[in-house]
Each structure stands twice: as structure tokens, then as C-alpha cells.
Amino acid sequence: MHYELFTDGACKGNPGPGGWGCLLREGSTESALKGGEINTTNNRMELTAAIEGLKATPIGSTVKLTTDSQYVKNGIQSWITGWKRNNWRTASKKPVKNKELWIALDQAVSERTVTWAWVKGHAGHRENEIADQLANQGVPSH
């Protein structure tokens with residue numbers, strides 16, 4: 001099965017209350033996913049959106065994941081190899097932030113065939129705008 005996934009994260013204050021959103025498409029069918037946390041960061045919500053979106057697709061499926069987060073795209077495509085090799089330390093020997101989320105994303109990706117795309121956020125890209133709205137709806141109000 002082939003899916004298209006559009007993800008975004010939002011945070012009111014950084015850290016602060018945050019939300020994540022995904023628009024998942026299979027053929028002409030679209031579904032929305034969203035959630036949030038009381039105390040989080042924008043990067044954590046961007047990662048959570050990708051993780052939760054992938055978990056909504058069957059293991060073994062093919063997914064094109066589009067994000068507006070360079071952090072997520074670069075992290076999973078480039079940085080993670082070195083982090084794992086260096087026992088989850090950055091090039092400057094500091095612990096990798098959000099390690100548990102990177103591990104969860106790496107696991108979800110390993111179970112699917114995932115291609116990555118990046119779009120500029122808040123630039124009128126229909127699906128990214130929907131993911132952004134869902135992320136903002138996911139932010140807890142208290």
C-alpha cells in the first residue's frame with residue numbers, strides 16, 4: 001500500500017503547550033490525526049507528528065512523508081547514523097536531544113519504505129497548511 005503523509009508540529013511557547021498534526025492520504029481518501037502535550041517543544045511535536053503518522057500506516061507500506069521541519073528531515077536522513085555510531089552523542093559529544101523520539105522514529109521508518117520531502121512552512125502548500133491547522137488544534141488549552 002502507498003500512503004502520502006504530511007506532518008507538522010506547533011508549540012505555544014518553546015517549551016510550552018504543543019500539538020502535532022498529520023494529514024494521511026491513501027489514494028483519494030484523506031484522514032486527519034492530531035494530539036498534544038501540556039509541556040513540550042516544537043521539535044518534539046514535529047518528531048511526534050512523524051512518528052504517529054507513520055504508526056497509522058501498516059508495517060510494510062510505502063510512505064512519502066512531507067514535513068516542513070529541516071530538523072526532522074535532516075535528523076532522520078543524515079544525523080542519526082552518526083548519533084547511533086557515537087552512542088547517541090552529537091559530534092560535540094553532547095547527548096542527543098529527544099533521543100527516545102529519534103529511536104521511535106527510526107523504528108517506525110525501519111518497518112516501512114519511507115521517502116522524505118521538505119516544503120516551506122506557511123507558504124500556501126495545501127496539505128502542509130492542513131497539518132499546521134491540525135497541530136494547532138492539538139495544542140492543549142490548559
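This is a predicted model: local features need pLDDT of at least 70, side-chain atom pairs count only at pLDDT 80 or more; totals for chains, interfaces and linings use all residues.
Residues are numbered from 1 along each chain as its sequence is written, side-chain values use heavy atoms without hydrogens or water, and local features need pLDDT of at least 70, side-chain atom pairs count only at pLDDT 80 or more, while totals for chains, interfaces and linings use all residues.

Strands β1 and β4 run parallel and are joined by six bridges, two strands being taken as paired if DSSP finds at least two bridges between them. On β2 (residues 16-26), strand β1 (residues 2-11) pairs antiparallel through eight bridges, with Phe 6 opposite Leu 23 and Gly 9 partnered by Trp 20. Four residues lie between the strands of this hairpin, in which Gly 13 takes a positive phi near 90°.

The open sheet as a whole has five strands in the order β3-β2-β1-β4-β5, with mixed pairing; its edge strands, β3 (29-40) and β5 (113-118), each pair on one side only.

His 125, in the loop between β5 and α4 (126-138), counts as partly exposed at 26% relative accessibility. Leaving aside residues up to four places away in sequence, His 125 touches Phe 6 and Val 119, contact meaning heavy atoms within 4.5 Å.

Methods. Helices (H or I, at least four residues) and strands (E, at least two) are DSSP runs, numbered from the N terminus. Buried means under 20% relative accessible area, exposed over 50%, partly exposed in between (1.4 Å probe, protein chains only).
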